[in-house]
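Morning, everyone. Today I'd like to talk about charged pairs. Have a look at the model first.

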Amino acid sequence: MLKLFYITNNPEVAKIAEKSGVDRIFVDMEYIGKELRQPKGMDTVKNHHTVDDVRKIKSVLTNAELLVRVNPIHDNSAQEIEQTIQAGADVIMLPYWKTPEEVNRFLEYVDGRTKTLLLLETDEAANCVDKVINNGDFDEIYIGLNDLRISQGKNFLFELVTDGTVDELVNKFKSAHLKFGFGGVGKVGAGDLLPAENVLCEHYRLGSSMVILSRAFCDTSKTTDLSDIENAFKEGVNNNKKYEQMLAKQNEQFFEDKHKETAEIIKRIVNS
């Protein structure tokens with residue numbers, strides 16, 4: 001089964017997500033550079049969680065891991081990462097890296113004290129990922145589809161799943177026996193523009209290990225009642241996992257057919 005991540009700095013929501021089967025609660029401290037690289041009017045989330053949020057979330061978790069996305073490498077990265085570790089992070093994610101040197105600095109600052117997750121979201125990172133894989137002693141890697149598609153001038157983030165970009169990267173990860181994930185997923189049965197069913201099929205086709213639950217799964221800026229949030233998580237996680245159980249029984253032809261279907265859906269989305 002895929003490891004499920006959910007982004008929140010709300011302790012009550014974190015407890016609900018953990019109880020419902022979410023494997024990692026995701027505190028998002030990244031803010032440096034996001035305003036510049038993600039154009040105004042684009043439907044993206046720009047969180048600005050803090051080290052205090054890391055402490056608060058850590059204090060309520062009993063089973064789920066605490067994942068923290070820090071900022072890209074900058075002058076105060078060593079201090080930021082140290083504070084994040086001291087606050088209780090189990091996994092630290094490095095976003096928007098472009099060189100092996102930045103990855104090496106990140107790994108030096110963490111110094112093996114938490115799991116490390118690299119977020120690949122630039123063409124520069126894709127171009128040097130072979131060297132990073134060969135040099136780096138990191139644990140996992142994740143493809144950030146939104147920033148990567150911006151980097152490539154694409155209109156829709158899931159284009160990268162059907163144009164060969166993700167496949168090429170994944171082949172490198174698998175050759176190195178790296179655990180990986182990509183993108184985000186909503187709820188099975190929700191009728192999204194690109195259905196969660198198709199997204200989950202792509203994860204299984206490629207051999208992914210993890211996925212972020214997107215705003216489409218549960219948008220707590222719109223759904224604020226805790227009982228409604230609890231119901232959304234309980235139903236959503238249960239339905240997604242049931243669909244995964246079905247996928248685990250399918251053969252290669254099934255996934256080839258679904259991949260073609262997904263490509264057609266994405267083509268229609270891009271053309272519209």
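A quick definition: helices (H or I, at least four residues) and strands (E, at least two) are DSSP runs, numbered from the N terminus. This is a predicted model, where local features need pLDDT of at least 70, side-chain atom pairs count only at pLDDT 80 or more, and totals for chains, interfaces and linings use all residues. Residues are numbered from 1 along each chain as its sequence is written, and side-chain values use heavy atoms, with hydrogens and water left out.

Start with helix α10 (residues 196-206). Arg-205 and Glu-202 both sit in helix α10, 3 residues apart, about one turn of the helix. They form a salt bridge (a side-chain nitrogen of Lys or Arg within 4 Å of a carboxyl oxygen of Asp or Glu). The closest N and O atoms of Arg-205 and Glu-202 are 2.8 Å apart.

Now accessibility. Buried means under 20% relative accessible area, exposed over 50%, partly exposed in between (1.4 Å probe, protein chains only). Glu-202 is buried, at 2%. Arg-205 is partly exposed, at 24%.

How many salt bridges does the structure hold? The count is 18.

Next pair. Glu-30 bridges to Arg-69, with the closest N and O atoms 3.4 Å apart. That links distant parts of the chain: Glu-30 is in the loop between β2 (24-28) and α2 (34-37), Arg-69 is in strand β3 (residues 65-69), and 39 residues separate them. Both Glu-30 and Arg-69 are buried.

Last one. Asp-163 pairs with Lys-154 in a salt bridge, closest N and O atoms 2.5 Å apart. Asp-163 is partly exposed at 37% relative accessibility. Lys-154 is partly exposed too, at 25%.
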